[in-house]
Amino acid sequence: MALASDLIGLGLSPLLAARTASAGVGPVTMNGISGAASFASSSKIQCTQFLVTISNGTTNTAYGVALPTVGTDNGAFLGDDFVINNASSATLKIFVSSGVAISVAASNTNVTALQTHTTLTCYPISTTQWIGVRGS
Amino acid sequence: MLATDLTGLGVNPLQAYRTANAGTGPLTISSSGSAFASANRIDGAQYLVSCSDSDGTKALSLPPIGGDGGALIGDCFTINNQGTTTFTIFCSTSVVISVSGSNTSSTTLGIHTSLTCYPITQTQWIGIKGA
């Protein structure tokens with residue numbers, strides 16, 4: 001299912017490709033913000049950036065990214081599938097936007113932690129709720 | 001669904017095998033070998049497979065990334081173990097997978113567990129392994 005650009009190359013319209021490619025529009029790599037303590041201070045995953053790995057964390061320094069808001073012009077759609085991998089040597093914090101929670105790893109919380117070389121798959125199921133599967 | 005389901009709905013074959021979540025199939029695969037070169041290889045668009053003949057020695061390998069028969073960046077592969085023993089899944093030469101706390105050239109899959117994985121560069125997969 002690839003990147004949107006691959007599907008466009010097969011004849012899909014760009015809007016359809018962006019929504020159906022498993023990796024979305026990319027890029028598949030991004031940086032977290034060192035010391036990020038909130039949604040506002042974290043680097044944002046884009047609304048069709050469905051597959052991303054973050055590798056710039058350093059040992060003993062927590063760093064953060066944020067899931068997109070849900071809905072509106074630049075937000076995720078209900079049911080979108082986001083996959084986030086931590087390829088660094090530090091724990092990655094993943095924040096959700098204000099008033100939103102994610103049900104994952106036995107908690108319903110506004111931030112979840114992703115350990116080194118583990119991956120989270122998550123989906124917005126309402127404008128205020130994500131659900132997630134965190135890999136072992 | 002499989003690509004054949006989409007072609008039956010009028011989607012062209014190239015689009016169908018890249019957009020069907022199960023790809024081209026087949027949905028079952030046998031294990032063999034004990035390294036990338038000798039293990040039974042998952043095809044570049046065989047996105048959903050289950051293996052039930054593991055015997056503690058045989059293995060599977062992920063497709064190479066890129067090239068005519070390889071996986072594309074962002075493709076989603078799900079592999080299940082229905083067998084009675086753990087089997088190993090190998091990456092191609094010089095390729096590693098970030099999964100289960102390690103960045104490694106191979107990973108194991110326990111009985112009745114599944115791994116979903118994605119190539120994110122030509123030398124790197126990421127994976128989420130079920131508990």
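In the predicted model, strand β2 (residues 33-34) of chain A is joined to β5(A) by 2 bridges, and the two strands run antiparallel; strands and helices here are DSSP runs (E, at least two residues, for strands; H or I, at least four, for helices), numbered from the N terminus, and two strands are taken to pair if DSSP finds at least two bridges between them. Within this pairing, A:Ser34 has A:Tyr63 of β5(A) as its bridge partner. Strand β3 (residues 43-44) of chain A is likewise joined to β5(A) by 2 bridges, but in the parallel sense, with A:Lys44 partnered by A:Ala66. A parallel arrangement also holds between β5(A) and strand β7 (residues 92-95) of chain A, which are connected by 4 bridges; here A:Leu92 of β7(A) stands opposite A:Tyr63. Strand β5 (residues 63-66) of chain A directs A:Tyr63 and A:Val65 one way and A:Gly64 and A:Ala66 the other, and all are buried. A residue is classed as buried if 20 or more other C-beta atoms lie within 10 Å of its own, as exposed if 12 or fewer do, and as partly exposed in between, with C-beta atoms placed from the backbone. In a regular strand the side chains alternate between the two faces of the sheet.

Residues are numbered from 1 along each chain as its sequence is written, and chains are lettered from A, and ligands numbered from 1, in the order in which they are written. Because the model is predicted, local features need pLDDT of at least 70 and side-chain atom pairs count only at pLDDT 80 or more, whereas totals for chains, interfaces and linings use all residues.

Chain A also contains an open sheet of 7 strands with mixed pairing, in the order β1-β4-β6-β11-β12-β8-β9. Its edges are formed by β1 (29-30) and β9 (107-109) of chain A, each of which has a single partner strand, so one side of each is left without a neighbour in the sheet. Within this sheet order, β4(A) and β6(A) pair in the parallel sense over 4 bridges, and A:Asn85 in β6(A) is the bridge partner of A:Thr53.

The secondary structure of chain B comprises 2 helices and 11 strands, which follow the pattern α-α-β-β-β-β-β-β-β-β-β-β-β along the sequence. The radius of gyration of chain B, 14 Å, is close to the 14 Å that the globule rule gives for 131 residues, so the chain is as compact as a globular protein of that length; the radius is taken over C-alpha atoms, and the rule is 2.2 Å times the number of residues to the power 0.38. Along the principal axes, the C-alpha atoms of chain B fill a box of roughly 40 × 30 × 25 Å. Buried residues account for 47% of the 131 residues in chain B. Among contacts in chain B between residues at least 6 apart in sequence, 51% join residues at least 24 apart, a contact being defined by C-beta atoms, placed from the backbone, that lie within 7 Å.

An open sheet of 4 strands in chain B has the order β2-β4-β6-β9, with mixed pairing. The edge strands, β2 (40-41) and β9 (106-109) of chain B, each pair on one side only. The pairing of β6(B) with β9(B) is antiparallel and extends over 4 bridges, and B:Ile89 stands opposite B:Thr107 in β9(B). The loop between β5 (77-81) and β6 (87-90) of chain B contains B:Thr84, which is exposed, with 12 other C-beta atoms within 10 Å. B:Thr84 lies 47 residues from B:Ala131 in sequence and 16 Å from it in space, C-alpha to C-alpha.

At the interface, 28 residues of chain A are in contact with 24 residues of chain B. On the side of chain A that touches chain B, α1 (4-8), β4 (51-54), β6 (82-86) and β11 (118-126) of chain A each supply at least two residues, and the largest share, 3 residues, comes from β11(A).

The largest nonpolar core has 72 residues, of which A:Ala21 and B:Leu60 touch the most other members; such a core is a set of buried Ala, Val, Leu, Ile, Met, Phe, Trp, Tyr and Cys residues joined through C-beta atoms within 7 Å. Strand β10 (residues 114-121) of chain B contributes the largest share of this core, 4 residues. Beyond its neighbours within four places in sequence, A:Ala21 has contacts that include A:Met1, A:Leu7 and B:Gly74.

The predictor assigns the complex an ipTM of 0.85 and a pTM of 0.91. Chain B averages a pLDDT of 94, and 100% of the residues score at least 70, pLDDT being the predictor's confidence in each residue, from 0 to 100.

Methods. Two residues are in contact if their C-beta atoms, placed from the backbone, lie within 7 Å.
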